[in-house]
Structures are given as C-alpha cells and as structure tokens.
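Here is a model to look through together, with a few questions about what its terms rest on. Have a look at the picture before reading on.

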Amino acid sequence: MADPARDVLGAAAASEPPPGSSPPGSGDGAAAAGEAAAAEGAGEGEVRSADGEAADAEEPGLQAGAARKVKLELKERKEKKQKVDEDEIQKMQILVSSFSEEQLNRYEMYRRSAFPKAAIKRLIQSITGTSVSQNVVIAMSGISKVFVGEVVEEALDVCEKWGELPPLQPKHMREAVRRLKARGQIPNSKYKKIIFH
C-alpha cells in the first residue's frame with residue numbers, strides 16, 4: 001500500500017517548479033542568474049540535485065505543506081467516521097426504542113453478560129505458557145461471547161426444528177455444536193469429516 005505522505009510529497013514536488021529555476025516564458029537572463037547562484041553555493045557543502053540546484057532550499061516548505069495536507073486528510077477521515085458512528089448510534093437508538101419489554105430485557109442481559117476476565121486470562125496463560133496483556137484478555141473475552149452466541153442461536157434453531165419449546169437443554173447444545181463442526185464453523189477441532197464411507 002502506498003504511503004499517503006509520500007504521495008502528497010511527490011505530487012507537490014511535481015506541481016511546483018524546482019528551486020532556482022525560472023518560470024516558463026521568462027528570459028534566459030533569469031535562468032543564467034539562477035545557475036550562477038547555484039554554482040556559487042556549490043562549494044559550501046549544500047546537497048545538489050543532478051541539475052546543480054540546491055535541494056535543501058525548498059524542502060522544509062514542501063514537507064510543511066505535505067504535512068498540512070496529510071493532517072487535513074486525517075481530520076476529514078476522522079470527521080467522516082464520527083458522522084458514520086453518529087448515524088449508527090441513531091439507528092441503534094431507534095431499534096432499541098421499538099423493542100418490546102421482553103426484547104429489551106434480553107438485550108440488556110446480552111449487553112451486561114461477559115466472561116470473567118481473570119478466568120479468561122488464566123486459560124490463555126495456561127495454553128500459551130506466557131503472560132498476556134489486558135487487551136488480549138478483552139479481545140478473547142469478546143470473541144468467546146460471540147462464539148457462545150452463535151452456539152446458542154444454532155441450539156435455538158435445533159430446538160425449533162425438533163418441535164420443542166425454547167428452554168434449551170444439553171441435547172440442543174450438543175446438536176448445535178455437532179452441526180457447527182460439520183459446517184466447519186468451529187475452528188481447530190478434532191472433528192474429521194469422513195469423505196468415503
């Protein structure tokens with residue numbers, strides 16, 4: 001992926017004339033004076049380009065201009081993302097306001113539910129054998145919550161297909177896990193799909 005700062009610098013350098021050169025249409029006298037000035041500064045240790053022009057003279061200005069452009073682009077992206085976030089929050093508020101009492105209670109329980117971070121941390125450390133940061137624990141806790149949600153959703157589908165009522169039983173959970181394994185939605189399991197009977 002291209003670096004946006006380099007792209008901006010390259011575009012700025014291409015659009016501006018090089019330092020010491022004259023704009024097109026000005027006389028040869030200005031160009032000769034620029035070359036003479038460049039030749040005088042050559043002995044002072046300045047970095048010169050292939051044409052003998054001083055490279056340091058205009059570079060800080062280019063960098064400052066490019067930095068301003070990059071900052072403006074980042075600011076615009078941040079504002080756009082903030083607007084999208086505000087839209088999503090507004091849509092979510094509309095959805096939650098239309099919930100029935102039972103749906104609202106279930107949604108509140110979903111939002112409050114979480115795995116104990118200490119238990120998750122112990123489990124990860126026992127598997128990896130190393131210490132893990134709090135961010136890893138939070139991420140794994142969230143992933144675990146999503147996984148449990150998928151298993152419960154599949155178990156509710158199983159319960160419905162079997163013509164039973166929703167209080168889930170262990171048989172529904174086991175069947176849900178079996179189906180998820182068969183579909184390959186549970187990673188890194190010991191389940192082997194039998195190709196030939």
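**Pockets and a helix crossing**

In this predicted model, H5 provides the largest share of the lining of the largest pocket, six residues.

Q: What makes up the lining of the largest pocket, by class?
A: Eight residues are nonpolar, two are polar and none is charged. The pocket holds about 330 Å³ of space, and H5 and H6 each supply at least two of its lining residues.

Q: Why are H5 and H6 called roughly perpendicular?
A: Their axes cross at roughly 100°, and angles of 65 to 115 degrees count as roughly perpendicular, so H5 and H6 are described that way. The axes come within 9 Å.

Q: How do you know which residues of H5 and H6 make the contact?
A: Contact means heavy atoms within 4.5 Å. On the H5 side this gives Lys117, Ile120, Lys121 and Ile124; on the H6 side, residues including Gln134, Val137, Met140 and Ser144. By class, six are nonpolar, three polar and two charged.

Q: Which helix gives the most to the lining of the second largest pocket?
A: H6 does, with four residues. Helix H4 (101-112) also supplies at least two. This pocket has about 220 Å³ of space.

Terms used:
Residues are numbered from 1 along each chain as its sequence is written. This is a predicted model: local features need pLDDT of at least 70, side-chain atom pairs count only at pLDDT 80 or more; totals for chains, interfaces and linings use all residues. Side-chain values use heavy atoms; hydrogens and water are left out. Axes are lines fitted to C-alpha atoms, for helices over the stretch in contact, and angles run from 0 to 180 degrees between N-to-C directions. Angles under 35 degrees count as roughly parallel, over 145 as roughly antiparallel, 65 to 115 as roughly perpendicular and the rest as oblique. Ala, Val, Leu, Ile, Met, Phe, Trp, Tyr, Cys and Pro count as nonpolar, Asp, Glu, Lys and Arg as charged, and the others, Gly among them, as polar. On a 1 Å grid over the protein atoms alone, a cavity is a set of points where a 1.4 Å probe fits but cannot get out, and a pocket is an open set with protein on both sides within 12 Å along at least five of seven lines; lining residues have an atom within 4 Å of a point. Grid points are joined across faces, edges and corners, and a volume is the space filled by probe spheres set on the points.
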